[in-house]
Amino acid sequence: MDILAKHSALAARHEELLRLGVDPFAVRLDEVLSPTLAVVRGRETILLGTNNYLGLTFDPACIEAAAEAARTLGTGTTGSRIANGTYGLHRELEEAFARFLDRRSCIVFTTGYQANLGMLVGLAGPRDVILLDSDSHASIYDGCRLSGATVVRFRHNDPEDLDRRLTRLAGKGECKLIVVEGLYSMLGDVAPIDAFVEVKKRHGAWLFVDEAHSFGVFGEHGRGVAEAQGVDREVDFVAGTFSKSLGAVGGFGASDHPAFDHLRFCSRPYMFTASPSPATMASTRVALQRIAEDPGLRRRLWDNARRLHEGLSALGLVLCAPASPVVAVRLADERSAVAAWNRLLDNGLYVNLALPPGTPGGLCLLRCSVSAAHSSDQIDEACARFARVADELDLRVPA
Ligand code: PMP
């Protein structure tokens, strides 16, 4: 038996996609000119699908900090912190996150994916129950599975459904951990964390929020959606990533729980992988400082988000949520989504093609993500290119 035969159905579907144009899973950015521009297939292309929400990947201070850290501390840590040592930068970055989030303690992880894995396996075990929003990111699903906890899914963004399920679970399991995200990355919709806090209190549960897409983007200080809704003190555990608004690679978890640091010696995704590189930590620390000191970054991001949302709505396209830095356009089916994605790329506009099973409700999406670094002209140009393709392919037909 061919060991890879199990993937043949998926491979056949991929072949089908290739026949419709460029491989959407292997777009090559031959040159990256800025946070918002790259050369793709020899053409200057507007990047509207990067998660580079604050445009900090090219921030001169972040670049200089990364370069200086590499020069003085080397290119990698070559091991995990428990086996191979902690650098001063690891601790300084953790303290900076704790201050930024106004939390007692913070742990950095090597990626955002590992932050969710590491937090969930550290917090929940086989005797516990995790209540999970059904639209959760793969890293949350994987962390739940690795924890060995009983997993109960509730309807996306539905505190009443969560409440019903918790009522049914009364007396079962030792601890109940509710897991939600702040801003959902596919549709760009926001969780009602304030309502989840009410439910959590009613049932004596714990609340974990992954602010991967909302950190640096929502809230007066940029702490995320829980801050924007005035309930960040009520969230027990917060996780996030360096790979979006912070413009690097890595992840963090933070909490006021006095025993939170125990995760450092009982969470395998923290213990058994190499720690973040000096360059990553140094650029992230400066990025955090930029977010703390320059609220103009967030203002520009939101101005651009609203401009794009209004521009695409005015074209008659079907959008999935109110304005946010993620603007998802819903198309009728996979064929039209792939065709539109290809034509947009031909027109020098890169967005994310999102198809089932990676999307909620089996939707076919063109997912756009906005950056503070986009100029208004770039946003208008992106809308004009959408208009051209919408006319050509008749995308305005409601899905
Ligand atoms: N959580 C969410 C909600 C995400 O969307 C992602 C990545 N897109 C992650 C966690 C993982 O982050 P990273 O890519 O930094 O590993």
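**Exercises on helices and a loop residue**

Just after α12, G316 takes a positive phi of about 85°. Helices here are DSSP runs (H or I, at least four residues), strands likewise (E, at least two), numbered from the N terminus. This is a predicted model, in which local features need pLDDT of at least 70 and side-chain atom pairs count only at pLDDT 80 or more. Residues are numbered from 1 along each chain.

**Exercise 1.** Find how far helix α12 reaches from its first C-alpha to its last.

*Solution.* Start with the length: α12 covers residues 295-314, 20 residues. The expected span is 1.5 Å times one less than the number of residues. Now look at its N-terminal end: D294 caps it, with a side-chain oxygen 3.0 Å from the backbone nitrogen of G296.

**Exercise 2.** Describe how α13 and α14 pack.

*Solution.* Two packed helices are described by the angle between their axes and the distance between the axes. For α13 (residues 334-346) and α14, the angle is about 135° and the axes are 10 Å apart.

**Exercise 3.** Locate R41 and name its polar partner.

*Solution.* R41 sits in the loop between β2 (37-40) and β3 (43-47). Its side chain makes a polar contact with the side chain of D346, at 3.4 Å (a pair of N or O atoms within 3.5 Å, one able to donate a hydrogen and the other to accept it).

Terms used: Heavy atoms only, no water. Axes fitted to C-alpha atoms, helices over the stretch in contact; angles between N-to-C directions.
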